[in-house]
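Let's take a look at how charged side chains pair up in a protein. Have the sequence and the 3D view ready as you read.

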Amino acid sequence: ALELDKHEVVEAENGKVGVRRWRENRPDLVITDILMPEKDGYETLFELLSIDPNVKVIAMTAGGWRETLDRLWDAQLHGASRTIPKPFTLSEMRRIVAEVLAS
């Protein structure tokens, strides 16, 4: 869906690879899950912000209602530009991506 909106997309299977790919490509935006192997979304967020305090990050996660809200709140408190609970619709993600990129 993001490629259809003319965004270039670079994928990574975990946070460790994601940080490496971010260093190589310096994208305008990172979308990360909070729960990942190798390096979770919080560690990924902290490392990216330590490299570039202006990096734009959308964090997402799923789980029980309270657990999801707690994780997303923590991500936003620690520097995520926006958060989104899973499941979400493509139109929700496209809207949030546009808003973050415009900010």
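Predicted model: local features only at pLDDT ≥ 70, side-chain atom pairs only at ≥ 80, totals over all residues.

**Salt bridges**

Side chains of opposite charge can pair when their charged atoms come close. In this structure there are 10 salt bridges. Here are some of them:

| Pair | N to O distance |
|---|---|
| Arg-94 and Asp-5 | 2.5 Å |
| Asp-70 and Arg-66 | 3.5 Å |
| Arg-71 and Glu-67 | 2.6 Å |

Start with Arg-94 and Asp-5, whose side chains meet in a salt bridge. Arg-94 belongs to helix α4 (residues 90-102) while Asp-5 is in the segment before α1, so this pair ties together parts that are 89 residues apart in sequence. Arg-94 is partly exposed at 36% relative accessible area, and Asp-5 is partly exposed too, at 28%.

Asp-70 is partly exposed, with a value of 33%, whereas Arg-66 is exposed at 56%.

Arg-71 and Glu-67 are also 4 residues apart in helix α3, so about one helical turn separates them.

**A buried residue**

Finally, find Asn-14 in the segment before α1 (15-25). Its relative accessibility is 10%, so Asn-14 counts as buried, the cut-off being under 20%. Beyond its neighbours within four places in sequence, Asn-14 is in contact with Met-36, Pro-37 and Glu-38.

Conventions. Residues numbered from 1 in each chain as written. Heavy atoms only, no water. Helix = DSSP H or I, 4+ residues; strand = E, 2+ residues; numbered from the N terminus. Buried < 20%, exposed > 50% of the residue type's maximum accessible area, 1.4 Å probe, protein only. Contact = heavy atoms within 4.5 Å. Salt bridge = Lys/Arg side-chain N within 4 Å of Asp/Glu carboxyl O.
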